[in-house]
Amino acid sequence: MAASKNQFEFQDHLPMIEEKLGGDGLIGELCKGFQLLMDADTGVITFDSLKNNASLLGLQDLSDDDLLSMLREGDYDGDGALNQMEFCVLMFRLSPDLMEQSEFLLEDALEHDFKNTHK
């Protein structure tokens, strides 16, 4: 994520969480983060819900432009909000180390599956 005038620096804690809690624990924590940021009425993260709840995750110094950029970055279906899956994918994309590890685990699983189907 680009730094704003405040030069906000993203600190990637996801690999540490995954190491401590495992994959299922990490997904659980991401779901909890989503719940903290979502609009209770719509069940998605909107600009307003993100702005109102950003301080819960230490993001209170982000500008409106930064928050809108986050939403746009993860909004795959173009509805102007993030559903839970879009939020989780965005968090993984913001974590280069976790993305690299995920790619390795996917390749390993595919290789294992390929070997099992070709016996």
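## Starting with a term

A residue is called buried when its relative accessible area is under 20%, exposed when the value is over 50%, and partly exposed in between (1.4 Å probe, protein chains only). Aspartate 64 is partly exposed, with a relative accessible area of 34%.

The model you are looking at is predicted: local features need pLDDT of at least 70, side-chain atom pairs count only at pLDDT 80 or more, and totals for chains, interfaces and linings use all residues. Residues are numbered from 1 along each chain as its sequence is written, and side-chain values use heavy atoms, leaving out hydrogens and water.

The term stands for a side-chain nitrogen of Lys or Arg within 4 Å of a carboxyl oxygen of Asp or Glu. Because aspartate 64 lies in helix α3 and lysine 51 in helix α2, the pair ties together parts that are 13 residues apart in sequence. Helices here are DSSP runs (H or I, at least four residues), numbered from the N terminus. Lysine 51 is partly exposed, at 40% relative accessibility. The structure holds one salt bridge.

Which residues of helix α3 are buried? In this helix, residues 64–74, they are Asp66, Leu67, Met70, Leu71 and Gly74. They cover an arc of only 140° around the axis, which puts them on the same side of α3; the arc is that of the directions from the helix axis to the C-beta atoms. On the other side of α3, you can find Asp65 and Arg72, which are exposed.

What do the buried residues of α3 pack against? Their packing partners are α2 (47–53) and α4 (84–93).

## Asparagine 53

Helix α2 also contains asparagine 53. A polar atom of the asparagine 53 side chain lies 3.4 Å from the backbone oxygen of leucine 36. Setting aside neighbours within four places in sequence, asparagine 53 is in contact (heavy atoms within 4.5 Å) with Leu36, Leu37 and Met38.

## One aromatic pair

A search of the whole structure finds one aromatic pair. Phenylalanine 34 and phenylalanine 87 form this tilted pair, 5.9 Å centre to centre with 50° between the planes. Rings of Phe, Tyr and Trp (its six-membered ring) pair if their centres lie within 6.5 Å; planes under 30 degrees apart count as stacked, over 60 as edge-to-face and the rest as tilted.

Phenylalanine 34 lies in helix α1 (residues 14–37) and phenylalanine 87 in helix α4, so the pair ties together parts that are 53 residues apart in sequence. Phenylalanine 34 is buried at 2% relative accessibility, and phenylalanine 87 is buried at 5%.

Notes: Helix = DSSP H or I, 4+ residues; strand = E, 2+ residues; numbered from the N terminus. Polar contact = N/O pair within 3.5 Å; in protein donor to acceptor, adjacent residues only side chain to side chain.
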